[in-house]
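Please open the model in the viewer and display it as a cartoon.

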Protein chains: 2
Amino acid sequence: MANIRDVAKSSGVSVATVSRFLNNKGYVSQEAKAAIELAIRDLNYKPNLVARSLSTKQTKFIGLIVPDIVNPFFPELARAVEDVALQYGYTVVLCNSDEDAEKEMHYIETLQQKYVAGFIVTTNESNTAQYQKLDLPVVALDRKIHASIPTVTSNNHEGAHMGTSYLIEQGCRHIVCLRGPRGVEPAEDRVAGFLEAVKGKGINTLVVDCPFQFDRSEAIAKRLLLENPSIDGVFASSDISAAGALKAAHGLGIHVPEKLQIIGFDGIGLSSMLTPGLTTVAQDLYKMGTIATRLLIQSIEGQSLSEKEVRVPVQLMIRGTTRSEER
Amino acid sequence: MANIRDVAKSSGVSVATVSRFLNNKGYVSQEAKAAIELAIRDLNYKPNLVARSLSTKQTKFIGLIVPDIVNPFFPELARAVEDVALQYGYTVVLCNSDEDAEKEMHYIETLQQKYVAGFIVTTNESNTAQYQKLDLPVVALDRKIHASIPTVTSNNHEGAHMGTSYLIEQGCRHIVCLRGPRGVEPAEDRVAGFLEAVKGKGINTLVVDCPFQFDRSEAIAKRLLLENPSIDGVFASSDISAAGALKAAHGLGIHVPEKLQIIGFDGIGLSSMLTPGLTTVAQDLYKMGTIATRLLIQSIEGQSLSEKEVRVPVQLMIRGTTRSEER
DNA sequence: GAAAAATGTGTAACCGGTTACACATACTAT
DNA sequence: ATAGTATGTGTAACCGGTTACACATTTTTC
């Protein structure tokens, strides 16, 4: 593989000139440019990005930290991150943390040793301190890590309020809220939105902890539905949990939406694949991912951030797990 | 950040000795070891992996090329790849190719410039030639690229045969095969398995092209079911397509599995979330991913490969979209 | 007791870029 | 005519590791 010195020799200029040409920096005469271009083509020269990184202390790698890429929520974000990254010449390093602070730490350290340019974080560990003292750009996606870290989230509170209100409008009087894990900011916001929507409406409510996992959600919903036959509505804090609840209802022979209405949150692809289609408070995941990535790249490239905290609006997707008006 | 020269100075030895210590290579006396260990702790020294890479022309990055991480099939592979990679100190670079040969080429080139250590490829472009002339280790996962490239696949032919035979056993007499895209090796093998299973059984069959996409699959299935009311079985080449068919059947008021039985292929998480649960020919995706990654790492680290072509067995998962024996 | 092998260490070149700085020339302004 | 600015270029140090090679000392072998 040809290197920059070969190009310099072949084009009759110095490496500095070639480097200036490559980086569009400083003065390079037209003749020099032409000669260098020719040499580059001749030699099929490609700059060695590792050498460049060593010198500049910067790579074009972005670390994307997700709890588990198998959870269908995250690929939708990852996809958006990757698209924007590619557009700006970056590549994405995938890090599954399993919500394990240690594993997450490990990734942060290793990638730092590899001069990663920045991180997009979709996890909510106690590593807050780590991220702050890290002097690398970080953007929090879908969950807030710390006030000092740029964040892209949905309007979770409003979304939950909207979804819950819709359940009430459609006639639910005994609603269970399958809330997400404690301490996860969006989950907390959604419970708050739920509670606010329900307040003073004379609704019988039940708030139950429920992880963002299908199997666990199904089991929890099954138990609840058995123990409380009067439940006629489920507000789930995630589509995965809603899917679990739907499956549980089917298993118990409870008709959805006639006897039980269910509403999810997220708007992942899965929600439209279920039968009936899942009514859900859809986040614009793709948009969230692109915004977060653009913020990160801005920050990497030393521009001041256009915004520090972005809230993407949320949209109620009405499908088959709630009764439609016309019935 | 301390560098190796700082460590050398602080421990009173030369950089060569420190380097030998770090890499467990060559002779280092006990005293030197102790002094270096101390210095490393003192200075909180972490080797600069970029500098190392420049010198060794090797990184610990693995490129994972997938068509689209949003397709739930691929995260399950990605997860396995990542787990094994982490175990061996590698990190995974995520590349969505969108089945676009050009995009794929772009990734291959860029990552080569970054000294990526090897590739795991789950796409089936015409880039065969590229991969061959690439003098980097490559492993093909879930699809064969070329005889010269180590490959990990499922027993697709046998699986399709098994699934189709099961449909016949359960009474299907007019089966449609939703086959995957042309030229994709596993899709071809599955059609072949289907055709073999059906041969001479007096089964009315229909083989239809159908991409691995939910929406398209639903639309195609809908049309087929409307045009051919006698169809009583669907053998889909992927769970995604099967999910589309299931949704189509529901939409048309066709009861599954009473009037129509459906069987998928892949065994992704989605299959158990549907109602009824999808009967499917399950691949052991996690295992496939781990084997592929281990092969790649073996190859990167210069060991001769234990196997060149691995076929992972497949398992029929009987769930609710087929009639169970006891009915 | 001499030769051979094993152990231990340091110097300096190398990987392939970037860039500070010195220097040269051409143009512009006064 | 002269200073000042814009344009253009090259040398060499630097980023932070690895490693070939030379050399010294100790241990083993016969």
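Begin with B:Ile62, whose bridge partner in E3(B) is B:Gly118. This is a predicted model.

Next, select residues 61-66 and 118-121 of chain B, which are strands E1 and E3. These two strands pair in the parallel sense, over four bridges.

Now extend the selection to the whole sheet. It is an open sheet of 12 strands with mixed pairing, in the order E11(A)-E5(A)-E4(A)-E3(A)-E1(A)-E2(A)-E2(B)-E1(B)-E3(B)-E4(B)-E5(B)-E11(B). At the edges are the E11 strands (309-312) of chain A and chain B, each pairing on one side only. Neighbouring strands are turned by 20° against each other on average, direction ignored.

Move to the place where E2(A) meets E2(B): the two strands run antiparallel and are joined by three bridges. Here A:Val92 stands opposite B:Leu94.

Select helix H5 (residues 73-87) of chain A. H5 lies across E1, E2, E3 and E4 of chain A and also E2 of chain B, running at about 170° to E1(A).

Widen the view to the contact between the chains, which takes 35 residues from each of chain A and chain B. On the chain A side, the elements that each supply at least two residues are H4 (49-56), H5, E2, H6 (101-113), H11 (239-251) and H12 (270-273). Colouring this side by residue class gives 20 nonpolar, nine polar and six charged residues.

Finally, colour chain A by its domain assignment: domain 1 (4-47), domain 2 (61-154 + 286-312) and domain 3 (156-283). The C-alpha centres of domain 1 and domain 2 of chain A lie 36 Å apart.

Key:
Residues are numbered from 1 along each chain as its sequence is written. Chains are lettered from A and ligands numbered from 1 in the order in which they are written. This is a predicted model: local features need pLDDT of at least 70, side-chain atom pairs count only at pLDDT 80 or more; totals for chains, interfaces and linings use all residues. Two strands pair if DSSP finds at least two bridges between them. Axes are lines fitted to C-alpha atoms, for helices over the stretch in contact, and angles run from 0 to 180 degrees between N-to-C directions. Two residues are in contact if their C-beta atoms, placed from the backbone, lie within 7 Å. Domain bounds come from an automatic or database domain assignment. Ala, Val, Leu, Ile, Met, Phe, Trp, Tyr, Cys and Pro count as nonpolar, Asp, Glu, Lys and Arg as charged, and the others, Gly among them, as polar.
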